[in-house]
Structures are given as structure tokens and as C-alpha cells.
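My notes follow in the order I took them.

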Amino acid sequence: MEKRMKWDPAKYVQFGDYRDRPFFDLTGRIHADRPVQAVDLGCGPGNLTATLAERWPGADVVGLDSSAEMLAKAAAVAARTPSLRFELTDIADWEPSAEAEVVVSNAALQWVPGHQDMMRNWLAALRPGSWFGMQVPGNFNAPSHTLMRELAGSSRWEPKLRGVLRGGESVGEPGEYLRILLDAGFTADAWETTYQQVLPGTDPVLEWVRGTALRPVLAVLSPEDGAEFEAEYAAALREAYPPTPHGTVFPFRRIFAVGRKG
């Protein structure tokens with residue numbers, strides 16, 4: 001993840017049910033029995049990593065993240081679970097140990113340019129019988145992101161936001177991740193799901209992206225400029241995602257891949 005970007009754990013876990021669901025849809029396809037070690041790459045505040053320790057109580061469960069803010073929150077989670085620990089590590093620098101039998105990455109690899117090559121190295125290093133599962137958002141071409149990039153590229157904001165936001169190249173398609181796993185000798189499955197999320201409140205899509213996609217923008221703008229950018233962006237989001245009597249429908253596409261090494 002971008003090292004200069006600060007994360008707000010409280011904002012990140014807002015809409016927690018919607019953010020958590022893909023993790024369980026991913027790990028539900030991992031059928032490891034008694035792994036020696038399970039690793040969560042980009043673990044965030046650690047609440048989901050803790051479910052791996054509950055599932056495999058005999059495993060050494062390790063959560064890795066590059067955000068000190070996130071890991072400060074995760075420390076309280078680790079204090080309640082002896083088999084769970086967290087480390088401040090950039091996942092781009094991580095290499096699997098011989099004990100790693102389950103490796104998962106949930107909504108983290110999109111922050112790392114060239115993560116497909118990292119995956120190839122990880123998969124080559126994992127021992128036979130190991131499991132690897134990953135999930136990334138597949139909505140970089142949705143209005144929530146295209147409107148942000150269009151605004152960032154406008155004459156008002158381009159001088160301050162040049163090169164800050166990435167586009168659809170941030171992630172691959174399901175078929176690409178499937179091929180990476182198959183080429184590494186894994187029995188693999190890849191799929192995509194679009195969750196029709198119904199968000200409550202005023203400007204809920206803006207609230208959602210404040211926890212993730214908008215953070216690189218806010219990291220480089222002053223508080224005054226950030227508020228101005230948000231106001232323009234919020235107006236565009238309200239047109240793209242109009243409220244309904246039931247809330248604001250925010251379709252969110254996710255891309256998954258899981259495999260076991262033969």
C-alpha cells in the first residue's frame with residue numbers, strides 16, 4: 001500500500017457487513033484442514049484475520065499490513081487470541097515461509113502495482129498442498145471511480161492530483177488470476193460477484209469511498225482543498241447513484257481466485 005497514505009480504521013470498518021462479506025466468500029472456498037501457518041496479507045484492523053484463528057485454532061495466524069494505524073487497532077484483537085499476531089510489513093517485501101500453508105489477501109493487492117508478478121513468486125515458493133486465495137475490487141471502471149478520476153483530471157485539480165489515482169489497470173480480470181494459479185501448478189477456481197449494496201444515509205457512496213478509494217486524494221490535498229474536492233465529487237455521485245425509498249443502491253463488483261498447490 002502507499003506508505004504515505006494514512007488509514008482511518010473506524011472509517012474503514014464503516015459498512016462493515018458489506019466490506020466483510022467478500023472475505024468470507026473467499027475463505028469459504030479454502031478447504032485446508034490443520035494448517036501450520038495462515039497468513040493474511042493486507043490485514044487492516046485485524047477483525048477478519050481473527051476469524052482465521054478461530055477456524056484453525058492450532059495454526060500460527062499472522063496478519064501483515066503497512067499501516068501503523070490499522071495495526072494499532074489490530075493489537076487489541078491479538079491480545080485476546082494467543083495464536084494470532086500482527087506485523088508491520090509492506091506486502092511487496094513479504095516472502096512465504098516454509099510453514100505457510102494458507103495465504104489470503106482480501107482487498108489489498110489492488111494497491112500494489114505489479115502484484116501479479118508478486119503472486120507468481122509467492123505461488124512458486126509455497127509448498128505442495130498449500131492454499132492461496134485473493135480478492136480485489138473489480139469496480140475501477142464504475143461511476144464511483146471514473147467520476148473521481150475525471151474530476152482529478154480537470155483543470156482545477158490536475159496540477160495537484162497528477163498521477164495520484166490509478167485506473168482499471170490496478171487489477172486483472174478473473175481469467176488472468178486463474179491462469180497465474182494454474183501456471184503455478186495449482187488446482188484453481190476464479191469468479192466474480194457484483195454485490196447490490198443498499199447504503200443508508202446522506203451521500204453514502206461518498207462515505208464508502210472515504211474509507212478506501214478517496215484516501216490517496218485526501219492524502220495529498222490540504223484540508224480546505226479536500227473539502228472542496230469532496231463537495232464537487234459528492235454532487236456527481238448523487239446523480240450517478242440517486243437515493244431510493246430503500247436507500248442508495250451501490251453495485252460493487254469483486255474478483256476472486258482460490259487454489260491449492262498440487
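This is a predicted model: local features need pLDDT of at least 70, side-chain atom pairs count only at pLDDT 80 or more; totals for chains, interfaces and linings use all residues.

**Entry 1: overall build**

I started with contacts, meaning heavy atoms within 4.5 Å. Among contacts in the protein with a separation of 6 or more, 78% join residues 24 or more positions apart. Residues are numbered from 1 along each chain as its sequence is written, and side-chain values use heavy atoms, with hydrogens and water left out.

I then looked up the secondary structure and found 11 helices and 8 strands. These are DSSP runs numbered from the N terminus: helices are H or I with at least four residues, strands are E with at least two. The radius of gyration is 19 Å, close to the 18 Å that the globule rule gives for 262 residues, so the protein is as compact as a globular protein of that length. That radius is taken over C-alpha atoms, and the rule is 2.2 Å times the number of residues to the power 0.38. Along the principal axes, the C-alpha atoms fill a box of roughly 50 × 40 × 40 Å.

For burial I used relative accessible area: buried is under 20%, exposed over 50%, partly exposed in between (1.4 Å probe, protein chains only). Buried residues make up 53% of the 262.

**Entry 2: strand β4**

I picked β4, residues 100-106.

Next I checked its partners, where pairing needs at least two DSSP bridges between two strands. Strand β1 (residues 37-41) runs parallel to β4, joined by 5 bridges. Leucine 41 has serine 105 of β4 as its bridge partner. Strand β5 (residues 131-137) also pairs with β4 in the parallel sense, over 5 bridges. There, valine 102 stands opposite tryptophan 131 of β5.

I followed the chain through β4, helix α5 (residues 115-125) and β5, and it makes a right-handed β-α-β unit. Right-handed means that, with the strands pointing away from the viewer, the path from the first strand over the helix to the second runs clockwise.

**Entry 3: aromatic pairs**

I listed the aromatic pairs and got 10. The criterion is ring centres of Phe, Tyr and Trp (its six-membered ring) within 6.5 Å; planes under 30 degrees apart are stacked, over 60 edge-to-face, the rest tilted.

Tryptophan 191 and phenylalanine 256 are stacked, at 4.9 Å centre to centre and 0 degrees between the planes. Tryptophan 191 lies in strand β6 (residues 186-199) and phenylalanine 256 in strand β8 (residues 247-261), so the pair ties together parts that are 65 residues apart in sequence. Both tryptophan 191 and phenylalanine 256 are buried.

Phenylalanine 250 and phenylalanine 252 are edge-to-face, at 5.7 Å and 85 degrees. Both of these phenylalanines are buried.

Arginine 19 lies over the face of tryptophan 208, 3.9 Å from the ring centre. Arginine 29 has its charged end over the ring of tryptophan 191, 3.9 Å from its centre.

**Entry 4: positive phi**

Most residues other than glycine have a negative phi. I noted two residues with a positive value.

Alanine 107 has phi near 55 degrees. It sits in the loop between β4 and α5. Alanine 107 is buried, at 12% relative accessible area.

Aspartate 203 has phi near 50 degrees. Its loop runs between β6 and α9 (204-210). Aspartate 203 is partly exposed, at 21%.

**Entry 5: two spot checks**

Is tyrosine 233 buried or exposed? At 1% relative accessibility, tyrosine 233 is buried. It is found in helix α11 (residues 223-240). Beyond four places in sequence, its contacts include Ser144, Leu147, Met148 and Leu206.

Asparagine 141 is exposed, at 60% relative accessible area. Its place is the loop between β5 and α6 (143-152). Leaving aside neighbours within four places in sequence, asparagine 141 contacts Thr146, Arg149 and Gly168.

How values were computed:
A charge sits over a ring if NZ of Lys or CZ of Arg is within 6 Å of the ring centre and within 35 degrees of the ring normal.
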